[in-house]
Each structure stands twice: as structure tokens, then as C-alpha cells.
Amino acid sequence: MAIKFLYLLLLFNFHLRLSVSGQLNSMESVPDLQKSMYKFIDGYPCVRLLNLSGVIGCSNPGREMVVAPIVRYKNAIALSQPSAVLVSSDEIQSFFTRIWHDSSFAGNIAGVIVESENEFQNKSKGFSPAGKFPLAEFAPYQNTSYEWNPIGSGIMWNAYDFPVFLLSESSTLTLQEAAIKNEKSKKAYIADVAEFDLVMQTTKAGTHDSETCLKEETCLPLGGYSVWSSLPPINVSSSDQSKPIILTMASMDSASFFRDKSLGADSPLSGLISLLAAIDALSHVDGLDDLTKQLVFIFFTGESWGYLGSRRFLYELDLQSEAVRGLNNSLIEMAIEIGSVGKGFNQGIKRFYTHTAEVSSATNETLKALKHAQDSLKSEHIIVSPANASNPGIPPSSLMSFLRKNSLTSGLVLEDFDSVFSNKFYHSHLDNISNINSSAIVAAASLVARTLYILASDNKSASGSALTGISVNVSLVEELMGCLLDCDPGLSCELVKEYISPNSTCPNHYAGVILDEPSFEPPPGYVDDMSRFLWNFLADRTSIPSENASSSCSQGCSNKGAVCVREETDGKGICVISTTRYVPAYSTRLKFESGIWTVLPPNSSDPMGMLDPVWTESNWNAIGLRVYTVQDAAYDRIVLVAGISVTVLAYLAIVTTRAVLTKALKRD
Amino acid sequence: MTLAAGIGYALLALGPSLSLFVSVISKKPFLILTVLSSTLLWLSSLIVLSGVWRGFLPLKSTSRWPYGLLIFTSIAFQEGLRVLFWKVYKRLEDLLDDFADRVSKPRLYQTDKMEIALAGGLGHGVAHAVFFCLSLLTPAFGPATFFVDRCSQLPFFLVSAIIALAFVTIHTFSMVIAFNGYAEGNKVDQVFVPVVHLVAGMVGVASSVYLSFISLQA
């Protein structure tokens, strides 16, 4: 009888097994199971930045991860519970505007995930999270309500207490599928959730402005290393240092809502690339030593965050510090800035505008030289015009630092726009390589190279074969664009790898934070890829070979005035004679002493420093985004109750069976 | 799915065996030894099988029949071992009976013999459940759950726990039926057990919920 009972039980189990079917999984182990349960999403975060009066940017509201179900954003929806909102690329502006105005909507936002841009998207609308007049407080003129960037919405300057991530192309599909699954799912007890890890140390420590967070060491100041170089190298030991200096500058940093996707292709990297190409063209000219003026080039960083690079450079010039040895402030005759030039191409004609501050003899000379250069490039269809006279002054540019310091500085900014930015994606993650045109950059580079030659050679050999011999290497421009503005080939391209071993492949031009003590000869580990590449490239292009040229310079260069180029590549650096130096770029209101940063009180001799917000970036432990499916807590409890009841029922069944069996056996 | 769900799944798979252990097995130390030794025997059989099959794995076929062959040979080997287990048990029974005679204590009752068989079966079942369900359960204690495409009504861990429960039951009672069959010479019983085991295993291949785990263990 007992056996029959056992038979029945077995058959029941057999039936149960048949009704359960599954799927051939390709998982091989428990870690594989774990990996298919939790999908790690690669995304670009928006982080917490602080200034003297408060915070901007995004952060988890506490110390915990934020977990919320994924919901797609449609303009009319109202959120019923805290959700992770998936926003498509063209809805960013309307979404953030809605947050600002609708507090009940904003209260239910646990986190925001922004999709990557669709290639078929309508690109004519434009998107700029910067303000309408970026860095207006530093302008050397009164009219700060002028709108250089009318598309600007200013959303990157607000503070958000929820995490925001930008997705890459591959992860956009994953998130869209998860959102659709949530919408279509009939089962109320499961949902696909996103788990945000954007816990910022300043939130945890409760330090909500730069001064306290620097004191508590929960943040670091923004900054980096600017690079300057002179062509030909300045002979420091020589007593003849009275050549007037023509300073040509460009910026290497940009900003955006998402810290790791700040390419800044048009603003300002197009200017940087054209200046590099111009330097390359000039370096092949004979008779550079006979130039009557000294050409100095400088590439600033930190400009997007209060002109940190240019302000610190001028400060170091005043101090006559080691970083700027060989430069004398009083010798700077003209300051020329190459701003955004990448959009100056329209139907075969390359058009640029010169923005000047005050009229002076040096400025007039530069404008004449530009005209001369334009004429020598007749076949290129380049037109250089002065900017609209109704502009209040120069556009946001590093020249503002020079003018604030000395309003009589002769300066000129070369841009591709006249009275408003032609860049519809200023300081956004969409200002990428498709936003610029290489012909415009080549044209600007040719223009700048020939103008500088004309200015520096003082009209003597200004015409003829020497001038027409200056030509820009088009393939160099395209290579630089591919290396500095695109992930493929990115910083692993041959040109960059010739000089440095880069830390990452995808280029990014956010200024970053300044690590450890700022110094004039920083250890290579503390300098970012861009500055190191620029230093090596410039040192190589502006160099004259040293005597013992083939010696490897791991122990430094014996010759005074010589530097070691290509040190990181295969350990074989070369000593060359070149004047190429790093200048630290950080706020003039900060001082690093005994391992800690302190904010200096405002000083009336530093008017820009008085207006400086002193930007810092919060520290963090880890940043990440995960997506997985969760089931309702009630379901979990049901499973637990089922398990316990199965156990208890089995126990009761066994006890009953045993009693029955004992009785049955006793009867026998 | 959190701690509650994880414990729930573990109890679902091994709860009845725990009850059985607490109420029947733990009362007699000999039965505990039997459970442990049959667990060891079952695991050793898996190791031997994996040694034999190592050369052919991983099975790169998209069709099911190599897995079917793997399961068939494994089950055949384990059934063969069951016969061996029976023979060892028979020898042990004779030894115990002789010992009982010598100390003038009663011989093994029918219930004692069935309890030993039950303990043997439980050992097999617990080993299967631990190996094929409990080992996968660690992710179940985290916040996420997992659904397999072919069975999207139940979470994967629930399916795995139910299957483990079924196998525990099969193994436990198979041993009792088999020993009974060998003792009484009942051919039906002797054949019934391997057939049920084989069919359950083949259905597992057909449903292929955790086929690759099986190939992993082997």
C-alpha cells in the first residue's frame, strides 16, 4: 500500500516536470547568470560642481543608490511614482524646462537617462545648455545682457538633486527595450528598474560650496596645464631679449552638461587645430631667426570655467615666474586669438570675422596683414571681414582676461561668426566632428600662418615666394580632427601615439581637476593627454635639433634650453632645443599650501578674481548605471511563505505517515 | 529578489528533505551516516562521469541529442551504481544481523530496512538539489530577478527550485522502491526506478532549462 502511494507521488512529479519548459541558455556558470541578470550600462554622467555660493550639476540625493522603474518621457505624462525617466535627445530642452516649472513633476523624478542622438534627427533646432552670454561677468564692457548664444538655455548651470546620465548608442537600445517592456507588461509585480550610482562625496559630507569642500577635502579645483611655445626657440641666455612678441592663442577645453562628453569641436577645438596646422606650416619656413618679432603660441585650458588658464598665465607673467621665463609682459605687442573657425564654410566660400577691442596701431597692422594674407590666398575664396560694429565688444574669449588686466592691450579674435554664435551646439555634447568643416579649418590655418609671417617679418620679405611657400598640410588637419574629435581613431591614432601614450582612446576636452600641487614641471601622470600631446607636438615642431641628437634623454637633457620630446613612447626620448613649457591653469583665488587648497580673499588688484566663482568638482567613489528586473516585495514574501509551508506540510505528512505505518505494523 | 525570496527558494527545494531529516533521519545516527555516504557516492559518480565526458565538452551542437546521450549515459551509470549500492547494503545487512545475533538483540525490521533505503535516497536527492539548485541561488539574494524566455510566467529560480524538489522526491522514493524490488525479486519495481529516472532526465533535456549547467557539472 505504501509502495502504491510512492508510485503515485513519483508519477505526480513526472507530470510536473513535463509541464515546465525552458530555454537553451548559453550561460556557462553562475557569474554568467549574474551578468545576464544585471546589465551594466555605459553612460556619461553629469556630476556635482561647486562654486563659492552653491552647487550645480547632478548627484544622488543621499548616500544610497537610486533605484526606480524606467519610464519613457512624453510631454503630457504625469508621473505616478518616483521613476527613472528616459528622455530622447531632442526633448532634453523641453524636459528640463518642465522640471523648472512643474514641481510636482520634478518631485517624482528619481533619475534621468538621456538617449544618444539619432543620426536621422533634425539637427537644425540646435541645443546649448550654456547661458545666453557665457561668462558675461568677465566681459570688459557693460552690456552683459547681449545674447551671443541665443539658443542657450542655461540648464547646465542649475542644480539637480537627482542623477542624470547620457547613454552611448549601444546602451540606448537596451534602455528603450526595458522601457517598452515596462509599458507593455501586464504583470504588475515585475518591473525593469535602473539603479543609479552617482553618490557624490560633497553630498555625503554636507559641504555645499567650494570653500568648505576644499577645506574638508571632498572636492578638487578645476584646472589643468596650459602649454606655450615659441617659434623659433627663445635663447634665454642671450642678452638680446627685446624682440617684440606676437602672442597667438587658442583654448583646449570645452564644457557640456555631461562631463565625459565635452568634445567642443567647433568651440574651441577648431581654433586649436587650425593654430596647430599654422604652426606646422610656419615651422617649415626658412629664415625664422631673421624675423623681427618673436612668435609665441599659447594654448589655454580651463577657459570655460572662468578663464582660468589665461588669468593664471597673466598672473605668472607679472610674477616673472619660472613657467614664463623668456617672456616679458611689456614686450607683448599684439594678442591674437583663434576662436571657433570650424563653421566658416558656406557654399565654397570661407568667411571669418575679426573682433577687436580698441583701435590701435598694432591692431591696424594686424588687420592689414590679414588682408594681405587673404589676397595671397585668392584661389581659396577666403573672406575676412570686421565684425558688426553694433556688437558690444569682443565675444567671450581669452582676450577678455587680457583686456580686463590692461584695457589698452592690442587684441583681435578671429571667429566664424559675426554678431551671434554660428555654433548651434555651443558647450553641448552634440558639438562633435559632424558640426565642423575641415576646409574652414584649413583656410583659417593658412590665413593665420601667412598673417603671422607678414607681421613678424615686417613687410620686408612679405611678398613673393616666401609667403606663397607657406602652405598648410591638409592631411595633418584631417588627422588632427580624427584624433582629437572622434573616438575612431581617437587618441590611439598614429599622430598622437608618435608623441605620448594616451590614457584613453576617446578624446574628451573637459578641463578636469588639477591633481596635487601645481608645478612648472608637473609629473606626466598629473597632466592630461591633451596637454601632454600639445607639449610634445609643439616642442617637436618648434625645435632645432640638439648637438647630441640621438641620445635618449631618460636622465634629462644636458644642454641648457633643451627638452626631452617623445619621452613616453618606447622609452626613447630625443633631446631638442625648444622653448615649450607648461603653465598651471587654476583660479587666481586659490592657493595650494601644505597639501590643502585654500580660497584667498578677494583682492582689488585682481578684478577678475573678485568675480571668480572658484569652480570645484566633487569627489566620488564610483559612478555607474545598471538595469535589471525586480519583482514586487509581496511576491518575495509569497515565495518565502510557500517555502516555509512546503517544509511544514512535508513534516506533517511524514509524521502522519509514520503514525499510520506504526499503527499498521502494530496490527500485523 | 532579496533575502526573503532567496530563503523561500532554498526552502522550496530542500524544505521537505529538511523535514524528513529532522523527523526520521536524525533520530538514528546510522541513518545520518547513510545519508552522508550516499551523498558522497552520488557526487563521486558525477566526478567519474565528468572525467569520462571531459574530452567531449563543451558540446558545441545546437541540437539536443548530444545532451541526450550525456544524460542517458550518466543515468545508466548511476543506476548501475544503485545496484552496487544495493549489493554493499546487502553485505552490511548481513553483518548487522550477525552482530545483532551475537549480542542477542533483534534483527533489522522491515521498517529499519526501508528507513535505510530512504536515507540512501535522501542522500542522492539532497546532493542533486544542492548541486543543481542551491549553487545557482546566490544571485537570487540580490535585488534582481530573472526570467527565461521560454518560461516567462515564473522566475527562473522558482522553476529551478520546483525541479529540484521533484528530483529530491524522485531520488528518495526511487531508492526505497528499488531496494524493495531487489529484496523481493520484483522485476516491475526493479525496472520502474531506472525508467522513471531516465524519463525525468530526458524531459530535463527536452525542456533544457539548465542544460549548460549539467554540462558544466560534468
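Predicted model: local features only at pLDDT ≥ 70, side-chain atom pairs only at ≥ 80, totals over all residues.
Both Cys483(A) and Cys493(A) are buried. Across all chains, a search of the whole structure finds four disulfides.

**The disulfide of Cys483(A) and Cys493(A)**

- Cys483(A) and Cys493(A) are joined by a disulfide, with 1.9 Å between their sulfur atoms.
- The S-S torsion of Cys483(A) and Cys493(A) is about 115 degrees, so this disulfide is right-handed.
- The pair links distant parts of the chain, 10 residues apart: Cys483(A) belongs to helix α14 (residues 474-485) of chain A, and Cys493(A) to the loop between α14 and α15 (494-497) of chain A.

**The disulfide of Cys487(A) and Cys506(A)**

- A disulfide also forms between Cys487(A) and Cys506(A), whose sulfur atoms are 1.8 Å apart.
- The link of Cys487(A) and Cys506(A) is right-handed, with 125 degrees about the S-S bond.

- Cys213(A) and Cys219(A) are joined by a disulfide with an S to S distance of 1.9 Å.
- The torsion about the S-S bond of Cys213(A) and Cys219(A) is about 75 degrees, so the disulfide is right-handed.
- Cys213(A) has a relative accessible area of 0% and is therefore buried.
- Cys219(A) is at 3% relative accessibility, so Cys219(A) counts as buried.
- In chain B, Cys133(B) has a relative accessible area of 0% and is therefore buried.

**Helix α5 of chain A**

- Helix α5 (residues 169-184) of chain A has 16 residues, which at 1.5 Å a residue should span 22 Å; the end C-alpha atoms are 23 Å apart, so the two values agree.
- Ser171(A), Thr172(A), Leu175(A), Ala178(A) and Ala179(A) are the buried residues of α5(A).
- These residues cover an arc of only 130 degrees around the axis, so they lie on the same side of α5(A).
- An α-helix has 3.6 residues a turn, so residues three or four places apart point the same way.
- The other side of α5(A) carries exposed residues: Glu169(A), Ser170(A), Leu173(A), Glu177(A) and Lys184(A).

- In strand β13 (residues 245-251) of chain A, seven of the seven residues are buried.
- On one side of β13(A) are Ile245(A), Leu247(A), Met249(A) and Ser251(A), on the other Ile246(A), Thr248(A) and Ala250(A); all are buried, and both faces are covered.
- β13(A) and strand β14 (residues 294-300) of chain A run parallel and are joined by seven bridges.
- Within β14(A), Leu295(A) stands opposite Ile246(A).
- A right-handed β-α-β unit is made by β13(A), helix α8 (residues 265-283) of chain A and β14(A).
- β13(A) also pairs with strand β15 (residues 332-338) of chain A, in the parallel sense and over five bridges.
- Within β15(A), Ala335(A) stands opposite Leu247(A).

**An open sheet of chain A**

- Eight strands of chain A form an open sheet with mixed pairing, in the order β1-β27-β10-β5-β6-β7-β9-β2.
- The edge strands, each pairing on one side only, are β1 (39-41) and β2 (43-45) of chain A.
- From one strand to the next, the twist averages 35 degrees.
- Strand β5 (residues 66-72) and strand β6 (residues 83-87) of chain A pair in the parallel sense over three bridges.
- Ala84(A) in β6(A) is the bridge partner of Ile70(A).

**Strands β17 and β18 of chain A**

- Strand β17 (residues 349-356) and strand β18 (residues 382-386) of chain A pair over five bridges in the parallel sense.
- Pro386(A) in β18(A) is the bridge partner of Thr354(A).
- Together with helix α10 (residues 361-376) of chain A, β17(A) and β18(A) make a right-handed β-α-β unit.

Methods. Residues numbered from 1 in each chain as written. Chains lettered and ligands numbered in written order. Heavy atoms only, no water. Disulfide = S-S within 2.5 Å. Buried < 20%, exposed > 50% of the residue type's maximum accessible area, 1.4 Å probe, protein only. Helix = DSSP H or I, 4+ residues; strand = E, 2+ residues; numbered from the N terminus. Expected span 1.5 Å × (residues − 1). Arc of directions from axis to C-beta. Pairing = 2+ DSSP bridges. Right-handed = clockwise from strand over helix to strand, strands pointing away. Axes fitted to C-alpha atoms, helices over the stretch in contact; angles between N-to-C directions.
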